[in-house]
Amino acid sequence: MGSAASASAPPPPPPVQPHGAAPPYGVGLAGILPPKPDGDEKKEEKVDYLNLPCPVAYEEIQREALMSLKPELFEGLRFDFTKMLSQKFALSHSVLMGSLEVPSQSADVIKVPTAQYEFGANFIDLPQLMLIGRLMTDGRLNARVKCDLTENLALKVNAQLTSEPHYSQGMFNFDYKGTDYRAQFQIGNNAFYGANYIQSVTPNLSMGTEIFWLGQQRKSGIGFNSRYNTDKMVGTLQVASTGIVALSYVQKVSEKVSLATDFMYNHMSRDVTSSVGYDYILRQCRLRGKIDSNGVVAAYLEERLNMGVNFLLSAEIDHAKKNYKFGFGMTVGE
Amino acid sequence: MASAAAGKGKSPADAAESSAASATRLAREWSTWAMKKAKVVAHYGFIPLVVLVGMRSEPRPSLAQLLSPV
């Protein structure tokens, strides 16, 4: 009796599928096969090499490292006021009273106290047209134009025009953006011609090359760079025939903190520089600090006092050259 | 006579060669002149151009908004 009862008992019915979860396979198989965990699905996703993302532009591969390690340090007082006349058009007034460093041949640092006022006009109508102009009291004009000629071809013009003859500079860039590559052709003053090309090799890695020719000095150069990035880190490498090797690495430790380091070797002047820095992006402030292999310590704080009002503090200390730069300022407007 | 003939034989060739050379020289001079004028135009006219383009874009800001400091 006992054995007959146990033999005839049917197997228990399969567990009911939870509501809302779509069965990964047909309804008939869902009850028998276990659901696939998410980790396996990601590993099995095959890389579609014909469908890679568009890479970051050649000159911007180091942008995370530059944003964290090279804030705009200044000395003196700085006040910026930006007035938005509409969504696209803004005028800006900027005052800087402080010392500017004059490059000198000797080891001494020569500072010249200056005061300058800069008037700026921005017209930003992405993606078609962007016009940015800054005019200073000494007559220098800094102009940037970015215009999308077609969907894939963009023209960028960057010019610094001065009243003194032979000091003006200008550069025209034609950018072509393909599905997984970018190509750029540059024409600059003093007969400068350059071209660069960058291609996505895997979803995380992109590699590029550039070549340039300087007409006035009859110099040419070639360079290679590559960028590897994931969600958490970005690593870049740049090698150029001018004898420069540059590496950088940025690790995003959390949403608010990222750490960056950078290494540059100049073969011609046998100069090696390395720096390590941090970047805290908090709700009310952004603090960036770095220390250099030359013993230079720098920090930059942007504190949001109110909607549209930012307070800036900048410091750079170089004990070896006895160069101490402290600055404070305020930015009003968006 | 030989020297005169030689001189005459050389000068048309010289003139032809120098006309090509002078054409490129003229082109370079004119392009330099054009670049200089373009630089002056850009230097004085870029900011007014940006302001003009901005004032004509939608929504149109008024002149009072442009000139007031608030």
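**Where chain B meets chain A, and what pairs up inside**

In this predicted model, no salt bridges at all are counted between chain B and chain A. What the two chains do share is a contact surface: 19 residues of chain B are in contact with 25 residues of chain A. Together the chains bury about 1,700 Å², and 77% of that area sits on carbon and sulfur atoms. Three residues of chain B stand out here. His43(B), Phe46(B) and Ile47(B) supply 34% of the area that chain B buries against chain A, more than any other three residues.

Although the salt-bridge count across the interface is zero, polar contacts do turn up there, with four residue pairs found by the rule. On the chain B side, the elements that give two or more residues to the touching face are α1 (2-56) and α2 (63-67). Helix α1(B) gives the most, with ten residues. Sorted by kind, the chain B residues that touch chain A come out as twelve nonpolar, five polar and two charged.

Next come the aromatic rings. Over all chains, the count comes to five aromatic pairs. One of them joins Phe74(A) and Tyr300(A) in an edge-to-face arrangement, with 6.4 Å from centre to centre and 80 degrees between the planes. Phe74(A) sits in the loop between α4 (63-69) and β1 (76-84) of chain A, while Tyr300(A) belongs to strand β17 (residues 296-306) of chain A, so this pair ties together parts that are 226 residues apart in sequence. Both Phe74(A) and Tyr300(A) are buried.

Another pair is made by Tyr278(A) and Tyr280(A), and this one is tilted: the centres are 5.0 Å apart and the planes are 40 degrees apart. Elsewhere in chain A, ring pairs link Tyr176(A), Tyr181(A) and Tyr197(A) into a cluster.

Phe224(A) deserves a look of its own. Phe224(A) is placed in strand β11 (residues 219-229) of chain A. With a relative accessible area of 48%, Phe224(A) is partly exposed, since the label "exposed" is kept for values over 50%. Setting aside neighbours within four places in sequence, Phe224(A) is in contact with Tyr58(A), Gly208(A), Thr209(A), Leu237(A), Gln238(A) and Val239(A). As for Ile198(A), it is 26 residues from Phe224(A) in sequence, and their C-alpha atoms are 9.4 Å apart in space.

Back to charges: the structure holds 18 salt bridges over all chains. In one of these, the side chains of Lys88(A) and Asp125(A) meet, with 3.9 Å from N to O. The partners come from distant parts of the chain, 37 residues apart: Lys88(A) is in the loop between β1 and β2 (89-102) of chain A, and Asp125(A) is in strand β3 (residues 110-125) of chain A. Lys88(A) is partly exposed, with a relative accessible area of 27%, and Asp125(A) is partly exposed as well, at 22%.

A second salt bridge in chain A brings together the side chains of Asp175(A) and Lys156(A), with an N to O distance of 3.7 Å. Asp175(A) lies in strand β7 (residues 169-177) and Lys156(A) in strand β6 (residues 153-161), so the pair ties together parts that are 19 residues apart in sequence.

Arg25(B) forms it with Glu29(B), and the closest N and O atoms are 3.8 Å apart. Both residues lie in helix α1 of chain B, four residues apart, which is about one turn of the helix. Arg25(B) is partly exposed at 45% relative accessibility, and Glu29(B) is partly exposed at 44%. Finally, in chain A, salt bridges that share partners join Glu60(A), Arg63(A), Glu64(A) and Arg227(A) into one network.

Notes: Residues numbered from 1 in each chain as written. Chains lettered and ligands numbered in written order. Predicted model: local features only at pLDDT ≥ 70, side-chain atom pairs only at ≥ 80, totals over all residues. Heavy atoms only, no water. Contact = heavy atoms within 4.5 Å. Buried area = accessible area lost by both parts, 1.4 Å probe. Salt bridge = Lys/Arg side-chain N within 4 Å of Asp/Glu carboxyl O. Polar contact = N/O pair within 3.5 Å; in protein donor to acceptor, adjacent residues only side chain to side chain. Nonpolar A, V, L, I, M, F, W, Y, C, P; charged D, E, K, R; others polar. Phe/Tyr/Trp six-rings, centres within 6.5 Å; stacked < 30°, edge-to-face > 60°. Buried < 20%, exposed > 50% of the residue type's maximum accessible area, 1.4 Å probe, protein only.
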